[in-house]
Amino acid sequence: MSGREPLTPGRAAVLLDEHVVVRGLWRAVDVFRCLALAYAVWSAWERREEMVNPTVAVVILGVLTGWTVVQTVRPMRTARAYTVELAIACAAILGTRLVDSPEVITSGAKTIPSIWPSAAIVGWAVLRGWRGGVVAAAIVGACSFVEVIEPTANTVTNTILGLLLGGCIGYCVDLTRASHAALAEAMRVEAARAERDRLARTVHDGVLQTLAFINRRAIDIGGETAALGAMAGEQERILRTLVSQADLAEVDRAVSGEADLRGLLAHVETDDIALVAPAEPVLLPRRVADEVVAAVEAAVDNVRKHAGQGARAWVLLDDDGAGVQVTIRDSGVGVEAGRLDEAVGQGRLGVSSSIRGRLADLGGTASVTSGAAGGTTVELRVPHAPAR
């Protein structure tokens, strides 16, 4: 990471906190509210002589002071709290009509809260982005027009400034939140990649080299050992993808994407077992395909154990569009009637669990039948959209 600032723990904590800039804006709102209150008090004092009812002005300023103290001592950053603040600001603007005469109001005199309502506008902008800021500014502007009855140049100017204030600050907050979310995601991916690189070095020095060696030696030896080599080669491919891919989506496809059932079943073919598969790929989700392969391996293992000396078997793979069917047929001695139920009673669950159980979990079916002249047929069927 040449040329980049070291990622110290303190800096990482700041970068990972998506609200660090927003918290700074909240503190700015608190300071602005206090300063705006001081300005409102000074403005009211300056023009106290022209007020018709200064007592109402004192009450209004007292309410503003109380809310300012509450928000300063125990700040509330919720929509409910800023709805209350916006209502207080609008009531204070409209209450100016009880303090000043119509002539003073139409002449362009300041309202009693002066710029204090801007704190509610900025608060909504920080809370809900530019939309919240514009809506709050529009409400305050509407109250200003109602208070003055005959709009003056100051009324129009202040309303436009409020809309710009709420919109611009809200847009900056939206941009800040989006930037921090993107930065947090980039840091998460970078951390995942660094951890994967560390694991890759460890795995490559041991597991991958061992699996590759088993694959090569098994192919050289041939025979039934080749099936072991094929399995080792497949696991090496998946593991290598996990530790080497920079694209996390590619890793997900390697583990949970679609797989060609023909290639996954290639290792079951031996001198006594033939695999008959279509020319086109037979695709299933990776996890479904792994379960089907495990069921086929269990069926083939039963052929080796119980079909008898010299028995042959055929694994027939077919895809009819609605689902995938695998048929394992052998020329052995067959299965006596009731033998499978008896095996379950004895705790031998090879067929009921390894075969039927797996297919049932996939939303498929499995059946085992024997002919009168011998031989056993195991039919496995799994739909293309298996039930969960």
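Q: Where is the place of Thr152 in the chain?
A: In this predicted model, Thr152 sits in the loop between α6 and α7 (153–221).

Q: What makes Thr152 count as buried or exposed?
A: The relative accessible area of Thr152 is 17%. Buried means under 20%, and Thr152 is therefore buried.

Q: How far apart are Thr152 and Ser107 in sequence and in space?
A: Thr152 and Ser107 are separated by 45 residues in sequence, and their C-alpha atoms are 8.0 Å apart in space.

Q: Why is α2 called roughly antiparallel to α6?
A: The axes of helix α2 (residues 20–46) and helix α6 (residues 117–148) cross at roughly 170 degrees and come within 9 Å. Angles over 145 degrees count as roughly antiparallel, so α2 is described as roughly antiparallel to α6.

Q: Which residues in α2 and α6 meet?
A: From α2 come Val22, Leu25, Trp26, Val29, Phe32 and Arg33, and these meet Ser118, Ala119, Val122, Gly123, Val126 and Leu127 in α6. The residues of this contact divide into nine nonpolar, two polar and one charged. Arg counts as charged and Gly as polar.

Q: How do you know that α6 falls short of the span of a straight helix?
A: Helix α6 has 32 residues, and a straight helix would reach 46 Å at 1.5 Å a residue. The end C-alpha atoms of α6 are only 16 Å apart, short of that value.

Q: Where is the kink in α6 centred, and what is its angle?
A: The kink in α6 is centred on Arg128 and amounts to about 150 degrees. Just after α6, Ile149 takes a positive phi of about 65 degrees.

Q: What makes Thr377 count as buried or exposed?
A: Thr377 is found in strand β7 (residues 376–383). Its relative accessibility is 14%. The cut-off for buried is under 20%, so Thr377 counts as buried.

Q: Which residues is Thr377 in contact with, leaving aside its neighbours within four places in sequence?
A: With those neighbours left aside, Thr377 is in contact with Thr327, Ile328, Arg329, Ser367, Val368 and Thr369.

Q: What does the secondary structure of the chain come to?
A: The chain has 13 helices and seven strands. Buried residues make up 37% of its 388 residues. Among contacts between residues at least 6 apart in sequence, 69% join residues at least 24 apart.

Conventions
Residues are numbered from 1 along each chain as its sequence is written. This is a predicted model: local features need pLDDT of at least 70, side-chain atom pairs count only at pLDDT 80 or more; totals for chains, interfaces and linings use all residues. Side-chain values use heavy atoms; hydrogens and water are left out. Axes are lines fitted to C-alpha atoms, for helices over the stretch in contact, and angles run from 0 to 180 degrees between N-to-C directions. Helices (H or I, at least four residues) and strands (E, at least two) are DSSP runs, numbered from the N terminus. Angles under 35 degrees count as roughly parallel, over 145 as roughly antiparallel, 65 to 115 as roughly perpendicular and the rest as oblique. Contact means heavy atoms within 4.5 Å. Buried means under 20% relative accessible area, exposed over 50%, partly exposed in between (1.4 Å probe, protein chains only). The expected span of a helix is 1.5 Å times one less than its number of residues. The bend at a residue is the angle between axes fitted to the seven residues ending there and the seven starting there.
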